[in-house]
Amino acid sequence: MHRSLRHICGATLVVALAATTPAMPASAATPSPGQQVAAQDAAARFVGHDVFTTLEVIDARRFYIAPREGGNGIAHIAINAALPWDVSVDYTLDGPSATGAQVRGAKGMVGVHVHIQPNNLAQGDMQRFARQLRPVVVFTIPTRDCTDISADTGVSLTQSGQSTVVAATANPGEAVDFRVYADAKRFSMSPVALAALSADTPDHYASAMRTLADQSGRLTSSIDADASAQAANGAHAELIATLTTLRDQERALAKSAIAERTASHQRAFHDYMAAYVGSYTTHLSGSIGTTTQLGALMGTAGELKGDTPLAHAVTGLATAVNELSDAHQHTGAADEVDRIIQRIRQQGTQGLAEELKKTAGEQTRIGAKEYSVGQSQLSQAMIPYSMAYTDAYTAHLDTLAGGNVGAAAQFEQQAIEQTNADNTTDPTLSGDMQGVNAAMATLASAREHTGAGSAARQILLRFSGRFGGDSAATDGVEPINEMQPALRHSPIAQQAYRDWYTYSIGGRAELLRAKRIAEARAEEQKARSANGGDDMSTLVSASSDDASADVAKYAGSVTKSLGGGAASSQGSGGTGRHSAQSAIPESERLATQLGISGLANHQLIVPDSQRLIDETVQLGSMAPALHAAADAMSSRGELGKRMAASGVMQAGEASALDSRFVMVTNPTR
């Protein structure tokens, strides 16, 4: 993926971040917070301040300006000009180039190439910042899913909690250009932060970086002061403690269930293959030979139905596939609860109910789609594996029985054991087994999405009384609750929303749908109460899938590939009642059938403070990584030693050197 940010999208007027505007130099223009300004005026306002921005333009290029001393006011401005730095992030996956979407969640060797250089299109003082400040790039890679992390010479790799912190720097005015590689089970990475600053010693750089990290954490609280105050006084401490218990419980369940069901799946898989070649053996004729007999294989396909050992083995394997996949729901649930905890800590609970509705619908749909893909992938992977396994089995049986079909049954078990041993030594068999394992990984990943959706839904049902912004009122739906929290006290905005619901076709349709959702939720709550209320043992439930038809068609697919026609199977198409999704509550189906609850609200153009919150949360989330980079920049750190060896600390004009920047981009989004 290549993200080149040479031009900035046109900016629009945005709502003010704070009423207080910090003092600026007399030479600078002083527009109202949120006003679009020219590049030179913006550059003048940056002097002597810490400046933060995100590189993904939503509706305006916003710069958040935090004064270092004398007041707590944070302002923001929008500009229509080129950024001081040009940023690009590219990826590879097992060698070839890949997009951010392709590497997100991917398995394999992932390469990340970061290239940041001064932007020649930047004007005047904006370009001076890039020429005179030292660039420092930092991001993190979780070690749970990524191992064997390596990087180019000069790049600092340090461990911080459950992540590896990647940091690199270059002399002022030079490009930061490096590559990082990770062997990933499911690749992910944090956003990439570019910090630009100046100091005269490594330790002074480290101190300034820590200040930037602390400043980034102030941004969201300046917008959502109520949520910040609640978090500060411990208003959500009890809720967070309960959610933390649920998260840790899901992680423990994931560890035990995946281990137990992996072993069960391996047994069921071997039992299935044994039953498969056992049936095949009974249909052999003439000399055994060294390759699969088509006639015997077609005879085996006829035993996929009915009361036969092979049919029972099919059911056993189908159950094991489902149960192992379902075990991964606990992983997805734990990750989602952890995300909810972090969200509450950063933003409080205002609007969380609507967010969880959206998450539940999106994750459930993604899980269902990916599980269907995984089922097809598994079915296709079993074709070459079954052929290779049967070829290897036939060759071993021929050697043991001396080609005599009459003696085949006597040596069947021994031939199976030798074939199983070939799984790790025979290149063809082991290679085909990798395809089966990849399909199982796809099913597991799909179930993680399902588990995340289930967790979001269950958290909403159990704790919705503590969340703000729920659209369901006792008498149906109150339109005002669909608004952003910051706008609910604006009479003009309230009237605009009510008029939209009352007079527009889309508004009336949305209101009716919201009422149906509220009624369905009330029925679900009633049913839960009748069944004993909340079950706190887990946030997920077993799927309603039955993959026996998909497993049953494996042998039929093999015979078809040999020209013998497909075996008849009730579920040969892999559809019908074997759909790949867990049961979705009626309320969630209604809420997500048109996308998300409140889908039509975007037809009314109103200010949206949520975008400000999203940007500042992204900036604030990098604070721990910036602190880790500060350690690397100290006189004892790898980057600090590299700076000292280069002999270049700072150079340039005081006006430029007195400014500091943090720019964050999420390149895998």
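A residue counts as buried when its relative accessible area is under 20%. By that rule six of the six residues of strand β16 (residues 660–665) are buried, so β16 is largely enclosed by the rest of the structure. The model described here is predicted.

- Strand β2 (residues 49–54) runs parallel to β16 and is joined to it by five bridges. Within this pairing, Val51 has Phe661 as its bridge partner.
- Strand β13 runs antiparallel to β16, again with five bridges. Here Val192 stands opposite Thr665 of β16.

- Pro191 belongs to the loop between β12 (176–184) and β13 (192–197).
- Because its relative accessibility is 14%, and the cut-off is 20%, Pro191 counts as buried.

**Nonpolar cores**

- The largest nonpolar core has 48 residues, and those with the most contacts inside it are Phe46, Trp85, Val112, Phe139, Phe178 and Phe661. Strand β12 gives the largest share of this core, five residues.
- A second, separate core holds 44 residues, among them Ala296, Val314, Met433 and Ala439.
- Leaving out residues up to four places away in sequence, Phe661 touches Phe46, Val51, Trp85, Phe129, Leu133, Leu194, Ala195, Ala196 and Leu212.
- In soluble globular proteins, nonpolar side chains tend to be buried together.

**Aromatic rings**

- The whole structure contains 10 aromatic pairs. In one of them, the rings of Phe46 and Phe129 have centres 6.3 Å apart and planes at 45°, so the pair is tilted.
- That pair links distant parts of the chain, since Phe46 is in helix α1 (residues 39–46) and Phe129 is in helix α3 (residues 124–132), 83 residues apart.
- Phe46 and Phe129 are both buried. Tyr272 and Tyr276 form a stacked pair, with 6.0 Å from centre to centre and 15° between the planes.
- Tyr272 and Tyr276 are both in helix α7 (residues 237–282), four residues apart, or about one turn of the helix. Both are buried.
- Ring pairs join Phe46, Phe63, Trp85, Phe129 and Phe661 into a cluster.
- Arg447 lies over the face of Tyr371, 3.9 Å from the ring centre.

**An open sheet of five strands**

- Five strands form an open sheet in the order β6-β5-β7-β12-β9, with antiparallel pairing. At its edges stand β6 (97–98) and β9 (146–151), each with a single partner strand, so one side of each has no neighbour in the sheet.
- Two bridges pair strand β5 (residues 85–93) with β6 in the antiparallel sense. Tyr91 has Ala98 in β6 as its bridge partner.

**Helix α8**

- In helix α8 (residues 294–301) the buried residues are Ala296, Leu297, Thr300 and Ala301. These residues cover an arc of only 150° around the axis, which puts them on the same side of α8.

Key. Residues are numbered from 1 along each chain as its sequence is written. This is a predicted model: local features need pLDDT of at least 70, side-chain atom pairs count only at pLDDT 80 or more; totals for chains, interfaces and linings use all residues. Side-chain values use heavy atoms; hydrogens and water are left out. Buried means under 20% relative accessible area, exposed over 50%, partly exposed in between (1.4 Å probe, protein chains only). Rings of Phe, Tyr and Trp (its six-membered ring) pair if their centres lie within 6.5 Å; planes under 30 degrees apart count as stacked, over 60 as edge-to-face and the rest as tilted. A charge sits over a ring if NZ of Lys or CZ of Arg is within 6 Å of the ring centre and within 35 degrees of the ring normal. Two strands pair if DSSP finds at least two bridges between them. A nonpolar core is a set of buried Ala, Val, Leu, Ile, Met, Phe, Trp, Tyr and Cys residues joined through side-chain atoms within 4.5 Å. Contact means heavy atoms within 4.5 Å. The arc is that of the directions from the helix axis to the C-beta atoms.
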